[in-house]
Amino acid sequence: MNIEIFWNHIYYSIYIFESKSQKAINNVVINFAYILFKHQFTKLGKTNKTVMKEGDVVLNDSKYGLSINIANAIMLWLVASGDITIFNVVKILVHQDFFSKIWSNIFYKIVFIVMIMAVIPLWVNYHFLWKKDKYLKYFKQFNRKDDSKELIKWQVIKFVFIIFSILFLIMSILISDKN
């Protein structure tokens with residue numbers, strides 16, 4: 001399995017989890033909103049069913065919905081946290097004076113933060129996920145073979161991957177602060 005397929009599996013698992021979470025929230029919120037604003041919805045010729053359907057599109061559309069955008073933010077965060085972890089490991093291995101000189105200059109500090117927190121995560125995710133909507137092709141592929149065992153397997157892999165990413169980030173910060 002190559003990195004692109006793995007990254008898209010993680011992305012798909014996050015999207016599915018987010019989408020199912022949003023669907024549960026959507027049912028409660030939209031029904032409540034429909035009850036509160038039934039008069040206005042009726043004037044517009046909308047039934048509870050059509051309002052639910054429109055709400056589902058807004059939340060779960062795989063191209064523009066809220067769930068995919070939350071998955072995008074999580075994927076960006078995963079790359080940024082990996083960058084910070086790698087930086088901290090390099091900082092531990094390389095002499096401190098080198099980094100203290102760079103870190104004392106505000107311009108270098110800003111460039112570093114922008115590179116780590118924006119440019120690299122955007123480039124990685126663009127290349128593996130968003131370029132020519134690659135992720136949509138993978139989503140279709142994963143959805144076709146999406147039996148419950150496969151989905152559970154990738155949910156567990158995603159969970160372990162995110163937990164280890166967080167743990168490595170925290171460990172690298174704690175260790176680099178001691179050095």
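Mentor: A residue counts as buried under 20% relative accessible area, as exposed over 50%, and as partly exposed in between. Lysine 46, with a relative accessible area of 24%, is therefore partly exposed. Please keep in mind throughout that this is a predicted model.

Among the 10 aromatic pairs that the structure holds, tyrosine 11 and tyrosine 135 form one that is edge-to-face, with 5.4 Å from centre to centre and 75° between the planes. Because tyrosine 11 belongs to helix H1 (residues 3-36) and tyrosine 135 to helix H7 (residues 134-144), this pair ties together parts that are 124 residues apart in sequence. Tyrosine 11 is buried, its relative accessible area being 0%, and tyrosine 135 is buried as well, at 4%.

The pair of tyrosine 15 and phenylalanine 139 is stacked, with 5.3 Å from centre to centre and 25° between the planes. Here tyrosine 15 sits in helix H1 and phenylalanine 139 in helix H7, so that this pair, too, ties together parts 124 residues apart in sequence. Tyrosine 15 counts as buried at 9% relative accessibility, and phenylalanine 139 is buried with a relative accessible area of 7%.

Since glutamate 4 lies in helix H1 and lysine 134 in helix H7, the pair ties together parts that are 130 residues apart in sequence. Both glutamate 4 and lysine 134 are buried.

The count of salt bridges comes to 3, which leaves the other bridges to describe. Aspartate 133 and lysine 63 meet through their side chains in a salt bridge of 2.8 Å, N to O. This pair links distant parts of the chain, 70 residues apart, with aspartate 133 in the loop between helix H6 (106-130) and H7, and lysine 63 in the loop between helix H3 (48-60) and helix H4 (66-93). Aspartate 133 is partly exposed, with a relative accessible area of 25%, and lysine 63 counts as partly exposed at 35% relative accessibility.

Lysine 46, with which we started, meets glutamate 54 in a salt bridge of 2.7 Å, N to O, and glutamate 54 counts as partly exposed at 39% relative accessibility.

How values were computed
Residues numbered from 1 in each chain as written. Predicted model: local features only at pLDDT ≥ 70, side-chain atom pairs only at ≥ 80, totals over all residues. Heavy atoms only, no water. Phe/Tyr/Trp six-rings, centres within 6.5 Å; stacked < 30°, edge-to-face > 60°. Helix = DSSP H or I, 4+ residues; strand = E, 2+ residues; numbered from the N terminus. Buried < 20%, exposed > 50% of the residue type's maximum accessible area, 1.4 Å probe, protein only. Salt bridge = Lys/Arg side-chain N within 4 Å of Asp/Glu carboxyl O.
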